[in-house]
Amino acid sequence: MLAAILKRLGSGAVVLWAAASAAYLALRLAPGDTIDTLVGDGPDTPVIRAQIARDLGLDRPAVVQYVDYLWRLLHGDFGRSYVLQRPVVDIIGSQVWPTVKLTLVASAFSVVIAVGLAVLTAGRARWLRGLVSGVELTVVSAPGFLIGILLLSVFSFRLGWFPVSGDRDASALVLPALALALPIGGVLSQVIREGLERALDEPFAVTARARGLTRLALVWRHALRHALLPAVTLAGTLIGFMLSAAVVVERVFGRPGLGEVATEAVGSKDIPVVLAVVMLAAAIYVALSLLADLAYLLIDPRLRKG
C-alpha cells in the first residue's frame with residue numbers, strides 16, 4: 001500500500017510540473033504584453049519600459065525565468081503580482097475560501113443528485129430510465145454558464161427565490177452550486193446506475209431477495225457499495241475539474257473568488273497570479289485523485305486484505 005501511495009505521489013508531482021509548464025508556455029505565447037498593461041496611460045519611454053522589465057525580471061531569457069519560477073515554486077514562493085504589487089499568496093489566500101466553499105457545496109449537491117437518481121431508477125421500467133438518462137445527457141452536454149443563466153432566469157428573475165449575485169448568505173450559494181453540480185451529478189448518476197443494475201443481478205442479490213430483503217434495503221446495504229467503486233474514480237477527477245468550472249460560474253453569478261482573480265490576471269498577463277491559480281487547481285486535482293484511491297480501501301474490504 002505504501003508503494004502505491006508513493007507511486008501516486010510521484011505521478012502527482014509530474015502532473016503539477018506539467019500544469020506549471022503548460023500554463024507558463026501558454027502565457028508566454030498569448031497576445032499582449034505585461035509591460036503595456038503596467039504602463040497604461042502613463043508616461044511611456046524606453047527607459048521606463050527597461051526599468052519595469054528589470055524590476056520584474058522580464059529582461060531575462062524566457063528559459064531563465066521558467067527555471068527560476070520552478071525553483072521558487074519548490075520552495076513555496078509564488079512571487080509577487082506584477083499588477084497589484086502584492087505577494088501572490090496574499091491575493092490567492094483572500095479569495096480562495098469563497099471558491100472552496102462553492103466547490104464543497106456543489107460536490108455535496110452532485111453526490112446527492114447522483115445517488116438519488118441512480119437508486120430511484122436502477123432496475124426500474126425502461127421508459128423511466130430512458131427519460132432520466134435523456135435529461136442527464138442534456139444537462140451534461142450543456143455549458144456551465146448556460147445552466148447558470150437558465151437557473152438565474154427561472155429562480156431569480158422570474159420567481160425571486162434566490163439572489164441574483166453576490167455572496168450575502170447561504171441562499172446565494174444554491175444556484176451557483178447547482179450550476180456546477182448538475183453536469184457532474186448527471187455523469188455520476190449514469191455510472192452508479194449501471195453499477196447498481198449489474199450488482200442487482202449478482203448471485204448475492206438474488207439470495208438476499210429470496211430471504212425477503214426489500215429492494216431498497218438491498219440497494220443501500222449491499223448493491224450500492226459495489227456500484228460506488230467506478231464512481232469514486234470518476235468523482236475524484238470530476239470534482240477536480242469542478243474548480244476550473246467554478247471560475248466561469250463565479251463570473252456568471254457575480255461572486256467573489258478565484259474566478260475574478262484569474263480573469264483579471266489573464267487579461268493583464270499577470271503571470272505569477274495565473275500560475276498560482278493553475279497550480280492550486282492542479283494540486284487539488286492530485287489530492288482528490290489520491291483520496292479516491294484511498295477510498296477504495298474503505299468501500300471494498302477485499303482490497304485491504306490484498
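**Helix packing and a cavity**

Modeller: The crossing of α6 and α8 is left-handed, meaning that the near helix is turned anticlockwise from the far one by less than a right angle. This is a predicted model, in which local features need pLDDT of at least 70, side-chain atom pairs count only at pLDDT 80 or more, and totals for chains, interfaces and linings use all residues. Residues are numbered from 1 along each chain as its sequence is written, and side-chain values use heavy atoms, without hydrogens and water.

Colleague: At what angle do α6 and α8 pack, and how far apart are their axes?

Modeller: Helix α6 (residues 126-141) and helix α8 (residues 171-200) pack at about 145°, with axes 7 Å apart. Axes are lines fitted to C-alpha atoms over the stretch in contact, and angles run from 0 to 180 degrees between N-to-C directions.

Colleague: Which residues of α8 make the contact?

Modeller: Among them are L182, P183, G186, V187 and S189, while α6 contributes residues including R129, V132 and E136. Contact means heavy atoms within 4.5 Å.

Colleague: Is S189 buried or exposed?

Modeller: S189 counts as buried because its relative accessibility is 0%; the cut-off is under 20% relative accessible area, with a 1.4 Å probe and protein chains only. Beyond neighbours within four places in sequence, S189 touches A114, L117, A118 and E136.

Colleague: Changing topic, which residues line the largest cavity?

Modeller: The lining consists of F162, P163, V164, S165, G166, S171, A172, L175, P176, F253 and R255.

Technical notes:
Helix = DSSP H or I, 4+ residues; strand = E, 2+ residues; numbered from the N terminus. Buried < 20%, exposed > 50% of the residue type's maximum accessible area, 1.4 Å probe, protein only. 1 Å grid on protein atoms, 1.4 Å probe; cavity = no way out; pocket = protein on both sides within 12 Å on 5 of 7 lines; lining within 4 Å.
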